[in-house]
Amino acid sequence: MRVFPKIFMPVTMKQIEPTQSLLRIHRLRWSHTSIRSRGQIPLYAALTFLIAISLPRPLLAAPLDINQLWNWDSPAQSEEHFRAALAGADADQTFILQTQIARTYGLRGQFAQARQILDSLKPGLARVSPEAQARYHLERGRTFASAVSVPGGVTPDMLHEARDEYSAAFRVANQHHLDALAVDALHMMAFVDTTPTDQLRWDERALTLALQSSDSTAQHWEASLRNNIGNALNDLGRYAEALEQFRIALALREREGDAEATRQAWCSVGWTLRLLGRNTEALAIQQQLLAEYDAIGATNPDVLDELKEIYRATGDERNAAVYASRLQVYQAAHPDASQ
């Protein structure tokens, strides 16, 4: 499963237009009667300044932290957060928030609703910031090809649309040094070009940009990208290289202190050890993970699948059947769960 880090978003501040308008009015009112003396400030200009600074100014739009508004476990709750944030947003922030609302629909598989929101934004696309433009193209691309499955599958026309949108997002982000969004766009191309060789190429290009960037948000992509690179390398049968990538990703996850992401990283390490024939090490990892998930009352189907495969590889069909049965029960209860 491809992982999408949460993104912090810098925002622009709203200009204070009423004061500017007042200054223009006073200039028009006094310009035909006043004569400026060299080296002196005209009385009307001083009065205008004093009046202007004494007027109550509109509040600036509060900075938005998109990362804080996202709850990746609940797109519906995230939508509520974004809609609540619209109340204090300026025009550019409103546009960005709407792109994220569209994304919440996409994550729920409601692609038509997501595209409807994005289509309503398109007339204003040329008037918003480069960040807003890049986010628009990213989210529209995700409605055609992403980690969320599409009923009936992705068609060639959808892939063409996705490629155009991700390419546009990358161009805008790269031109304006929005490295985190540029990395996001590159990594999304692996959902368009889906052979392991192509996925590896796109994710390695994204990783290079992330590592070269001075933007900490772009750098934060490293663990996810190394995970994706490891997946592609395993698909290509390059298990030793994949294990190296997964171990680096694991170290990064442990450093971040995200318990669930760390468990997922350990699962990938165990998977690769099994592919390398190191079943004893792989079994120890997956059994430890199973105990941790049982302790918190959760289930990771990948752990169950790995235990099934390890026992099957070692000829223990009885235990393999136990975990195959547990996996079937989970899948029956979660038919839409990503595998």
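Predicted model: local features only at pLDDT ≥ 70, side-chain atom pairs only at ≥ 80, totals over all residues.

Student: At what angle do α4 and α5 pack, and how are they oriented to each other?

Tutor: The angle between α4 and α5 is about 165 degrees. Angles over 145 degrees count as roughly antiparallel. The orientation of α4 to α5 is therefore roughly antiparallel.

Student: How many nonpolar, polar and charged residues does the contact of α4 with α5 have?

Tutor: From α4, the contact draws on Pro75, Ser78, Glu79, Phe82, Arg83 and Ala85. From α5 come Leu97, Gln100, Ile101, Thr104, Tyr105 and Leu107. Sorted by class, the contact has two charged, three polar and seven nonpolar residues.

Student: Where is Gln110 found, and is it buried, partly exposed or exposed?

Tutor: Gln110 is found in the loop between α5 and α6. Its C-alpha atom is separated by 8.6 Å from that of Thr143, a residue 33 places apart along the chain. The relative accessibility of Gln110 is 28%, so Gln110 counts as partly exposed.

Student: How do α12 and α13 lie to each other?

Tutor: Helix α12 (residues 222–235) packs with helix α13 (residues 239–256) at an angle of about 160 degrees, their axes being 8 Å apart. The crossing is left-handed. Because angles over 145 degrees count as roughly antiparallel, the relation of α12 to α13 is roughly antiparallel.

Student: How many nonpolar, polar and charged residues are in the contact of α12 with α13?

Tutor: The contributors from α12 include Glu222, Arg226, Ile229, Leu233 and Asn234, while those from α13 include Tyr239, Glu241, Phe246, Leu252 and Arg253. By class, the contact comprises five charged, six polar and nine nonpolar residues.

Student: Is Asn234 buried or exposed?

Tutor: Asn234 is found in helix α12. Leaving out residues up to four places away in sequence, Asn234 touches Tyr239, Ala242, Phe246, Trp271, Thr272 and Leu275. With a relative accessible area of 5%, Asn234 is buried.

Student: How many residues of helix α9 are buried, and which helices do they pack against?

Tutor: Helix α9 covers residues 179–188 and is mostly covered, with ten of its ten residues buried. Among them are Asp179, Asp184 and His187, as well as Leu181, Val183 and Met188. These buried residues pack against α7, α8, α10, α11 and α12.

Student: Is His177 buried or exposed?

Tutor: His177 lies in the loop between α8 and α9. Its phi is near 60 degrees, a positive value in a residue other than glycine. The relative accessible area of His177 is 66%, so His177 is exposed.

Student: With which residues is Pro130 in contact, leaving aside its neighbours within four places in sequence?

Tutor: Pro130 has its place in helix α7, residues 130–142, and is partly exposed at a relative accessible area of 27%. Beyond its sequence neighbours, Pro130 is in contact with Val172, His176 and Leu178.

Student: Among contacts in the chain between residues at least 6 apart in sequence, what percentage join residues at least 24 apart?

Tutor: The chain has 17 helices and zero strands. Of its 339 residues, 46% are buried, and the chain exposes about 17,900 Å², with carbon and sulfur atoms supplying 53% of that area. For contacts between residues at least 6 apart in sequence, the share joining residues at least 24 apart is 61%.

How values were computed: Residues numbered from 1 in each chain as written. Heavy atoms only, no water. Axes fitted to C-alpha atoms, helices over the stretch in contact; angles between N-to-C directions. Helix = DSSP H or I, 4+ residues; strand = E, 2+ residues; numbered from the N terminus. Parallel < 35°, antiparallel > 145°, perpendicular 65-115°, else oblique. Left-handed = near helix turned anticlockwise from the far one by under 90°. Contact = heavy atoms within 4.5 Å. Nonpolar A, V, L, I, M, F, W, Y, C, P; charged D, E, K, R; others polar. Buried < 20%, exposed > 50% of the residue type's maximum accessible area, 1.4 Å probe, protein only. Areas by Shrake-Rupley, 256 points an atom, 1.4 Å probe, with all protein chains shown as cover.
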